[in-house]
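Welcome! Below is a guided walk through one structure, taken a few residues at a time. Please keep the sequence and the 3D view at hand as you read.

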Amino acid sequence: MKAILLKEYGSPNLLEIGEVAKPIPKDNEVLVRIHSASINDWDWGLVRGKPFVIRLFFGLIKPKITIPGADISGKIEAVGAGVNSFNIGDEIYCDLSECGSGGFAEYVCVPENQLSKKPSNMSHNDASALPHAGLLALQGLVEKGKVKPGQSVLINGAGGGVGTLGIQILKPYGVKVTGVDSDEKLDLMKSLGFDSVIGYKKSDFTATGETYDLILDTKSNRSVFKYARSLKKTGRYITVGGSMYRLVEIALLGPLISLFTRKKLSVLIHKPNRGLDRMTELVEMGQIKPVVDGPYGFDEIPGLIQYLGEGKHLGKIVVELIR
Ligand SMILES: NC(=O)c1ccc[n+]([C@@H]2O[C@H](COP(=O)([O-])OP(=O)(O)OC[C@H]3O[C@@H](n4cnc5c(N)ncnc54)[C@H](OP(=O)(O)O)[C@@H]3O)[C@@H](O)[C@H]2O)c1
């Protein structure tokens, strides 16, 4: 089968397009014919081996993962002897980031406990855009953020995958949402329903004096004290990503700030595929429709990972493997 091969850390242009053997599912796995895949910051990090913590888990010098790609949507072509909940022909979607990646290929084997049935009213292209970023947004805003009607919410890095899905998760709560991103993305954000938008290159949202009940950050790069000052008295700040230094600072000092105030500041540890059935329900209720950049072709994947790393994308970059 055709696959994108990761042989060394460095940059996306070191990725190779090659042929490898079609995988065979173990007893608890299914074999998926991948229809569509989407690209995540996760892939950008894995391909470069940056931040360094990635190497601690996925190979210090040489990557242990040989085929990158986390988000997929496709059809089951074979099932292992112990698989109970899925059958040949089922259309599924999932995030492979906790089970070896491998989404940038024609086929992948996936443990059945990582899968959900694809929403019936959605194409494979759209479905592949949801698992990773959609669940970061759902876990951050609803599970950990405990968003409530009437609150004021800010999403930092709002024009990317998490923000463009996060706004759609938030809308039914009747909250007022501010989005922060680069100027080129502000029109898209307004069209998705952000009540106000801020261009981060011109304005620092932590310096405006405005305070929020809930902040979801995809790009933490300021001191934890600045974020604490931007929260209302009982506000919550949740970060899903950013500079490693700032993430460690928030993880260490966030609990200390909570000892002296009623504010909560924490780092979200993503749990891949947890809540994916809930995401399916939201899609089937007509609440969620990803913003898709693409679909692009398989051979474009290395260039697209670079494109994501440079922040040129809008919403989610999707690759169609079966055209
Ligand atoms: N917590 C976990 O366990 C976990 C697991 C997986 C992934 N993650 C993290 O989750 C995040 C994924 O977010 P995503 O999928 O939405 O990424 P994304 O699609 O790359 O979106 C991020 C957005 O932030 C914007 N941005 C860049 N610098 C910014 C700044 N200083 N201030 C405000 N906005 C800025 C980018 O636009 P421009 O580049 O045009 O400026 C881009 O639109 C990543 O940080 C990733 O590392 C966390």
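Let us begin with Lys7. Setting aside residues up to four places away in sequence, Lys7 touches Glu16, Lys62 and Pro63, where a contact means heavy atoms within 4.5 Å. Before going further, please note that this is a predicted model, in which local features need pLDDT of at least 70, side-chain atom pairs count only at pLDDT 80 or more, and totals for chains, interfaces and linings use all residues. Residues are numbered from 1 along each chain as its sequence is written, and side-chain values use heavy atoms, with hydrogens and water left out.

Lys7 sits in the loop between strand E1 (2–5) and strand E2 (16–19). Helices (H or I, at least four residues) and strands (E, at least two) are DSSP runs, numbered from the N terminus. With a relative accessible area of 43%, Lys7 is partly exposed; buried means under 20% relative accessible area, exposed over 50%, and partly exposed in between (1.4 Å probe, protein chains only). Ile67 is 60 residues away from Lys7 in sequence, and their C-alpha atoms are 8.7 Å apart in space.

The side chains of Lys7 and Glu16 make a polar contact. A polar contact is a pair of N or O atoms within 3.5 Å; within protein, one must be able to donate a hydrogen and the other to accept it, and residues adjacent in sequence count only if both atoms are side-chain atoms. Here are some side-chain to side-chain polar contacts in this model:

| Side chain | Partner side chain | Distance |
|---|---|---|
| Lys7 | Glu16 | 2.8 Å |
| Asn273 | Gln114 | 2.8 Å |
| Thr239 | Ser220 | 2.7 Å |

Is Thr239 buried or exposed? Thr239 counts as buried, at 0% relative accessibility. This residue belongs to strand E12 (residues 231–239). Besides the contact with Ser220 shown above, a polar atom of the Thr239 side chain lies 3.5 Å from the backbone oxygen of Asp217. Leaving aside neighbours within four places in sequence, Thr239 is in contact with several residues, including Leu247, Ile250, Ser266, Val267 and Leu268.

Asn273 is found in the loop between strand E13 (264–267) and helix H9 (276–284). Asn273 counts as buried, at 11% relative accessibility. Among the residues it touches, not counting those up to four places away in sequence, are Cys94, Asp95, Pro131 and Leu135. The phi angle of Asn273 is near 70°, a positive value in a residue other than glycine.

Lys146 also has a positive phi, near 50°, and is likewise not a glycine. The loop between H4 and strand E8 (152–156) holds Lys146, which counts as partly exposed at 42% relative accessibility.

Next comes helix H1 (residues 41–48). Which residues of H1 are buried? They are Asp43, Trp44, Gly45, Leu46 and Val47. These buried residues pack against strand E3 (29–39), helix H2 (53–58) and helix H10 (301–309). After H1 comes Gly49, with a positive phi near 70°. In the loop between H1 and H2 you will find Pro51, and the peptide bond from Lys50 to Pro51 is cis, with omega near 0°. Another cis peptide bond joins Gly294 and Pro295, where omega is about 10°; Pro295 lies in strand E14 (residues 292–297).

Now step back to the whole chain. The domain assignment gives domain 1 (2–130 + 290–320) and domain 2 (133–267), with bounds that come from an automatic or database domain assignment. Taken over C-alpha atoms, the centres of the two domains are 28 Å apart. Where they meet, 14 residues of domain 1 are in contact with 14 residues of domain 2.

Where does the ligand lie? Domain 1 and domain 2 both give residues to the shell around the ligand, so it lies between them. The ligand is surrounded by 23 residues, the closest being Asp41, Asp181, Tyr200, Val240 and Leu268; a residue is near a molecule if one of its heavy atoms lies within 4 Å of it. Helix H4 (131–144) and helix H5 (161–170) each supply at least two residues of this shell.

Oxygen atoms of the ligand lie 2.9 Å from a polar backbone atom of Thr218 and 2.8 Å from a polar backbone atom of His270.
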